[in-house]
Amino acid sequence: MSRPVLEIRNLSVPLPRGADRGYAIEDLSLTVAPGEIVCVVGESGSGKSVTAGAVMGLLPPVLKPSAGQILLEGEDLLKAGPARMRRLRGGRMAMVFQEPMTALNPALRVGDQVAEMLEAHAGRLGRGARRDKVRQLLADVHLPNPESLARAYPHQLSGGQRQRVMIAMALANDPALIIADEPTTALDVTTQAQILKLMRELQARREAGILFITHDFGVVSEIADRVVVMRTGRLVEEGPAESVLCRPQDPYTRMLIAAVPRAEPPPPRARPSLVSPVLATRDLTKNYGGRGLFGGGRPVQALDGISIALQPGETLGIVGESGSGKSTLARCIARFVDPTAGHVRIGGDDIALLPARALHPYRRRIQVIFQDPYRSLNPRRTVGQSIVEGPMNYGLSREAATARAKNLIALVGLDAGALARYPHAFSGGQRQRIAIARALAMEPDVLIADEAVSALDVSVQRQVLELLEAIRERLNLAILFITHDLRVAARLCDRLIVMLDGRIVEEGATAALFADPKHAYTRALFAAAPVMKAPPVEAVP
Amino acid sequence: MGRFILGRLAATLPVMGVVAVIVFLLLRLAPGDPAAILAGDAATPEQIAAIRARLGLDQPMLEQFATWIWRLVHGDLGTSIISNQPVGRLILDRIEPTLALATSTILFAVLVAVPLGVLAAWRHGTWVDRAVMGLSVAGFSVPVFVLGYLLIFGFSMQLRWLPVQGYVSIADGLWPFLSRLILPTLTLSVIYIALIARTTRSSVLEVLGEDYIRTARAKGVTEARVLRRHALRNAAIPVISVIGLGIALLISGVVVTESVFNLPGLGRLTVDAVLARDYPVIQGVILLFSALYVLVNLSIDLSYLLFDPRIRY
Amino acid sequence: MSALDETARPLPANDPGVPRKRGRALPPMLRHPAVLAGLAVLLLVGLAALAAPWLWTGDPILLRPRLRLRPPSEAAWLGTDAFGRDVWSRVVYGARVSLAIGFAVSAVSVLVGLTIGLVAGYVRWLDAVVMRIMDGVMAIPSILLAIAMVTLSGAGIGTVIVAIAIPEVPRVARLVRGVVLSVRTEPYVEAAIGAGTRLPKLLVRHVLPNTIAPLIVQGTYVAASAILTEAILSFLGAGIPTEVPSWGNIMAEGRQAFQIAPWVILFPGLCVAATVLAVNVIGDGLRDALDPRTARGVGVR
Amino acid sequence: QGKPVTIRAVMHSGLRITDPIITTAYIARNHGYMIYDTLFATDAAFKVQPQMVQDYSVSDDTLTYSFTLREGLKFHDGAPVKSEDCIASIQRWGKRDGMGQKLMEYTASLDVVDDRTFKLVLKRPYGLVLASLGKPSANVPFIMPKRIAETPADRNVPEEIGSGPFKFVKGEFQPGLKVVYEKNADYVPRKEAPSWLAGAKTVKVDRVEWINITDYQTAVNALINGEIDYVEQPPHDFLPILKGASGINLVNFNTLGMSGMLRMNWLNPPFDNAKVRQAVLLAVNQQDYLDAQIGDPDYMVPCLALFICKTPNATEAGAPKPDLAKAKQLLKEGGYDGKPVVIMQPTDLAISASLGPVTAQALRKIGMTVDLQAMDWQTLVGRRAKQDPVSQGGWNIFHTFWVNADLLNPVNNVGVNGRGKAGGWFGWAEDAEIEALRNAYALETDPAKQVDIARQTQERAYTIGMYFPTGQFTQPAAASAKLSGILEAPAPVFWNVEKK
Ligand SMILES: Nc1ncnc2c1ncn2[C@@H]1O[C@H](COP(=O)(O)OP(=O)(O)OP(=O)(O)O)[C@@H](O)[C@H]1O
Ligand SMILES: Nc1ncnc2c1ncn2[C@@H]1O[C@H](COP(=O)(O)OP(=O)(O)OP(=O)(O)O)[C@@H](O)[C@H]1O
Ligand SMILES: [Mg+2]
Ligand SMILES: [Mg+2]
């Protein structure tokens, strides 16, 4: 094998004092050969981004590498001066970031942003030549209509298109090394699949080494030549993709791999007997916008005649790409927004068009768990206060509510001391448990989980899903489970609904749907999902 | 877009209506009687009453208000009670110095403050940052008139570089015009510089933390370019809106600065009018100032279009 | 006068990136030497104001026309003013009034603005009406509004406070309304709605606390600018009556004699500058401490 | 001929009302002296001298006055000055001015004899005909064209046209800011040397600009810096600076000076009681006022003569001497109940602003409760006209000041007007005895007897507590050394002034 494009030797980056551990990364060594894709995986906070930042020389000032070497084509970057680093950045190494929404300057045309890469490095290129090159690059990443697209602003592009622009930008000067820090995490599955395909294709053509950071083993199995697993700043395992995925040595790796949801539905449970549904909607419609004297914004039909029914003890999954109206449906049912038309029945009563005042008795019966665990708890109130608030609103005494909170906090797997603490003292997964406890405290009939696990690490995700499963069993709850991730849906749901553009395009029992998706969109969704090709691994051998 | 502008213009009407009502009520409830002022030292109550009647001040308030608004809608700001001149003409006579002072202040302040603010943000946490911020806080701490006196004392009385007071129209020569504008501009811009520099700093600081700045740096673009092309433009909106909101501050400062430097502008016209209870003049000028404020802020809203392509009305 | 406060934008309801212990917002700011100095100055001035009668002061309004405009001496440390009153006594007693004005104006404008902002932010149909009125008040040049109001109700501390506070109200209201609008879409607020919490409780428990940090910051700026505005009102002849010494009216009365008796204007001027500076510095410190965005690291190797 | 010679002057206030008949504002009077001429004028010896009038004669029964105008008098619009113009002007002035009203009361007819001659016939002998027509201060009977003088007496004249030594430049007039006058080339001065307001009004410059600078600090700095030539009333605190500055002269043009006045409201308690008023007069000390107001002994004239020291009517008869014990006793006798006394203090008028606090301190010393209310001058002007009780926006005490020329005798000194609510001056002092004395003074034609009546008037005024004179003072103007020939006069005049 030829000389590696990137070689990190015994790199350590200390954390500032007061952090939860001493080093962001500690004694890390890894190499990337030309034409190779090296995936760095690890849970959140394991030091993946810091590694990328250290290579690019883009660490925040508080983080300074204290030991080791970073060799880019043999040159030690830690010894390079600012001017030299500037030359290398974008020249010999380039980076693609996680958030395509924010990584592009919203005020500049994308073509100019790509061209800037050329201006900064290939200064000799004339204006016209630059324009041609930009067009070429945009075409290379399969952007339609490169000519006109170059004149667009970032907000006029979809997330996938933006990520393609970022990749085009990275490719502009034929770098030896491309670092991609979770480039697909923010995209929906179909787009993610396209981007991954693109990266493979480019890498095959260009012979650049790619350091690909991700926390998703599905992605790893799709793209990696070699895998590096990190945990709390240290390298725990490394090797060819094949061997790490199929024969993980380190228990941590095994645990990670085991946590990856399989895209196979578990065997169908005994369906709850058909009683009258606890929740049903009929022809639910919601239009946004078009309001106001002078018209505020374009009108959007977010929901278009949705009819669903939910039995006690049943879990109904709703999948669909971003913007398909899943959250809107949840919010209409919970009456955080007012539906435009249609019916929402709780028990027998239609609450769709009730005025806010009259809603009070019904609120208790539907509870929502939100996507963002960091924003769904009031940071200024203790966990206990947050949990007892609802029951007390419905007349429970403080003592009784507190007793109930204690039970629930135990039920969700936290100790009673948690009640006295504030949300910031908990991790994302723990917060999501607290949110579940809060919802359960209301003794609801229906629990709506809107992307309740999407923001969590796979390992944590798995725990929360298990919790929901357990609760469903114990309390005979009806759950409306909203997700964009088919694998997650497959694991939990009895029935699935596939949404597209505010409409239901397909509906059926989970297993049946997986076995034989009817609608083209559903099939596309299945095809795109990154799937672990390796056989299942038990967490504990 | 045209629809949007029209809509926004229409939305300024209620605001101006509120201003009109407030100003009118405030004045009519105020003690002090222009009739008594006109009547003078040796006047008898009957004379005062006669003058009140002639000025229409004995009419019910609602009627007075209706009359005023009716005339206003027809472009008639009324006639000064004291000097008998049409308010429109008084304002026209006085508008030039005020505009000159305000414009030069804004220009000067922006030219000084924006680079300072960017510098402070770029050198965040260093002594440069602290010095710039310290100075601009200090700028907020000295009463305008004290600063004015100090500048006159230093530059006019001791150094004799610049005239103490007065205004010369630009039509009568550039240097005479400028020389009389320099000190008032300096005096008035201090607060404005402080305001803009602080906003620029915090806005640029915020933008510098954005992902696309990291992207730009990852491209190997020079720092100067990062600041100019990526940071400044995206930081512009808060800065521009503070310039607009600061117009109110500026107008307040103008009132004081004009009396310290004897600039025959609108600020003094208003203070004089308030002291003389010259209702039509006060109403006219305040309405004008408010309209100016509203329009400036409207055009600033529109200027966002230039800076942020995401905004599409 | 403090459009400056527009820089004090509402803070994000919480900040996922940097977990922070509750109540820890203040101490880091205390570590800033400038903020410490500001607090020290403010404390000093505040103590002096409280202890005015024991600080070797005489009657601040006692006229001794025969001793007018005497330079600082043993008898009158800071000299005398145009009425022969002792400048030291006036400045020390003036601290009471000026601080009271700063405090009262910020309290009044914050309280009124908070109420208006909360209501406007939460009661949809009131919002448009109330905010138009606020826009109207904001469009009127504040100094002119204040002059007009002082001449309206006669000079007095109360009037001056109200006159300075009213133009500040719309700014506070807008700030609060902004916070409310952003907070009301927070998931935890929706969760509370879902838990059946009714409006008043919702506002007090979940919305109000978010406004406190920006309001404290805003309040300090308002206080600082109120002290200055009072001076300007006095300068324009619409300030606090001369029998109630305030830094503003001491300076305004002394400006006549600026060149022959600079001490009359110098000492209160220094006090105003130092106090306003101190309050502003504290405000900046608070803002930096309370706003996680400024704490975010920015840099390049 | 090069650039026009221009005097730039900062007057005590901005000119807004250009009609010197409808307002008593001194700035309007000064403006009047620029563009109008008078039939008679007072000279430095307080003698009334003909000005526009060539000759006049008085019939033996002293009832008929006949006036002949000088030849060649022309208004600025080119029309000759005729008798009808003078009559119309006198009649309009007679509706506004106190002395004018009195004169009209006694006038049977005013008739044109020919273009240059007119006749005034009295109903009964009246001693102040010439003194009225030659009245030096507000309101001065200025002569305007008939068509303008026919403007109703409560309405500003539409045009500024006179026959005086300067012409008003309408196009450059900015109310409250700037007034421009140019030399009236057609003006024919008298042959006599100028003396006070009488004699030759010879204009020696091309233009005079009055610029209003509200901030005296700035005005004085501008004068020192050579940007302006003249400051009419630099506050006394600036005089040491001006004395020290090179190229500046202090010109005490109004040697007669000015006086401050403490005025109580007779309608409201406690000052509806003569004993309480008396107590106030005994509590206050003129020297305190002068010290607070002026400070510099060179410019203050302690003087308790109500009709002004160093003038024919000067006397200290009846003047109170400070006596706190007696004051306290009178206060008790007067039944003062401790209710706060409202003193209005005009903060924006430097020269009157300093009087209020002094009074407040004096009244507190004898045990009165004082509410010193700060306000701007125009609020004061509005409020002092209110006859209501204090609780309804009335008042107890205010201070003002006068040019001494306005106080010289019982008839023109409004402070001793005793007509109460029926035509009295603010404060509404009411006293039949003093009114009788004033009438006697007006009708008396023998100067010696007039002096005696004036003395009695003063004694009576002090006894009943009509007002307290807070002291006389002079107010020099500051002028650039380039100016010469500034005349002494009770008003600042710009004829005879040369600029190098
Ligand atoms: N600017 C910073 N200041 C202090 N500590 C930091 C900073 N940035 C990162 N860290 C710390 O460094 C460690 C590694 O963080 P890093 O961002 O590399 O994690 P990651 O593996 O990329 O996680 P994720 O999957 O969430 O992106 C974490 O403990 C984090 O708290
Ligand atoms: N408050 C709103 N005002 C206007 N349009 C809205 C609003 N909320 C959602 N929409 C629009 O409604 C549509 C459906 O949005 P919704 O949030 O329900 O999608 P989603 O399926 O939950 O997507 P995601 O997976 O990204 O959460 C989208 O086009 C969105 O832009
Ligand atoms: Mg990361
Ligand atoms: Mg959603």
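Trp428(D) is buried, with a relative accessible area of 3%. Buried here means under 20% relative accessible area, exposed means over 50%, and partly exposed lies in between, with a 1.4 Å probe and protein chains only. Phi of Trp428(D) is near 50 degrees, a positive value in a residue other than glycine. The residue sits in the loop between β17 (397-403) and α14 (432-443) of chain D. Helices (H or I, at least four residues) and strands (E, at least two) are DSSP runs, numbered from the N terminus.

This is a predicted model, in which local features need pLDDT of at least 70 and side-chain atom pairs count only at pLDDT 80 or more, while totals for chains, interfaces and linings use all residues. Residues are numbered from 1 along each chain as its sequence is written, chains are lettered from A and ligands numbered from 1 in the order in which they are written, and side-chain values use heavy atoms, with hydrogens and water left out.

**Backbone details**

Chain D also holds a cis peptide bond, from Pro269(D) to Pro270(D), with omega near 5 degrees. Pro270(D) belongs to the loop between β13 (258-264) and α8 (274-283) of chain D.

In chain A, Asn10(A) has a positive phi of about 45 degrees although it is not a glycine. Asn10(A) is placed in strand β1 (residues 6-14) of chain A. Its relative accessibility is 41%, so Asn10(A) counts as partly exposed.

**Chain D as a whole**

Chain D has 15 helices and 21 strands. Its radius of gyration is 23 Å, close to the 23 Å that the globule rule gives for 500 residues, so chain D is as compact as a globular protein of that length. The radius is taken over C-alpha atoms, and the rule is 2.2 Å times the number of residues to the power 0.38. Along its principal axes, the C-alpha trace of chain D spans about 70 × 60 × 40 Å.

Of the 500 residues of chain D, 64% count as buried. Chain D exposes about 16,700 Å², and carbon and sulfur atoms supply 50% of that area. Accessible areas come from the Shrake-Rupley method with a 1.4 Å probe; for residues, only the protein chains shown count as cover. Among contacts in chain D between residues at least 6 apart in sequence, 72% join residues at least 24 apart. A contact means heavy atoms within 4.5 Å.

**Between chains**

Five pairs of chains touch, and the most contacts among them are between chains B and C. Chain A and chain D do not touch; their nearest C-alpha atoms are 45 Å apart.

**Ligand 1**

The shell around ligand 1 has 16 residues, and the closest are Ser44(A), Gly45(A), Lys48(A), Ser49(A) and Val50(A). A residue is near a molecule if one of its heavy atoms lies within 4 Å of it. By class, the shell divides into seven nonpolar, five polar and four charged residues. Ala, Val, Leu, Ile, Met, Phe, Trp, Tyr, Cys and Pro count as nonpolar, Asp, Glu, Lys and Arg as charged, and the others, Gly among them, as polar.

Helix α1 (residues 48-56) of chain A gives the most to this shell, with three residues. Eight of the nine residues of α1(A) are buried, so the helix is largely enclosed by the rest of the structure. The buried residues include Lys48(A) and Val50(A). Just after α1(A), Gly57(A) takes a positive phi of about 75 degrees.

**Polar contacts of both ligands**

A polar contact is a pair of N or O atoms within 3.5 Å.

| Residue | Atom in the residue | Ligand | Distance |
|---|---|---|---|
| Gly47(A) | backbone N or O | ligand 1 | 3.0 Å |
| Ser49(A) | polar side-chain atom | ligand 1 | 2.6 Å |
| Val50(A) | backbone N or O | ligand 1 | 2.8 Å |
| Ser327(A) | polar side-chain atom | ligand 2 | 2.6 Å |
| Thr328(A) | side-chain N or O | ligand 2 | 2.5 Å |
| Glu451(A) | polar side-chain atom | ligand 2 | 3.4 Å |

Taken alone, ligand 2 exposes 630 Å², and the protein buries 61% of that. The largest share, three residues, comes from α12(A).

**Ligand 2 shell**

The residues that surround ligand 2 include Tyr288(A), Val300(A), Ala302(A) and Glu321(A). By class, this shell has three nonpolar, six polar and three charged residues.

Key
A polar contact is a pair of N or O atoms within 3.5 Å; within protein, one must be able to donate a hydrogen and the other to accept it, and residues adjacent in sequence count only if both atoms are side-chain atoms.
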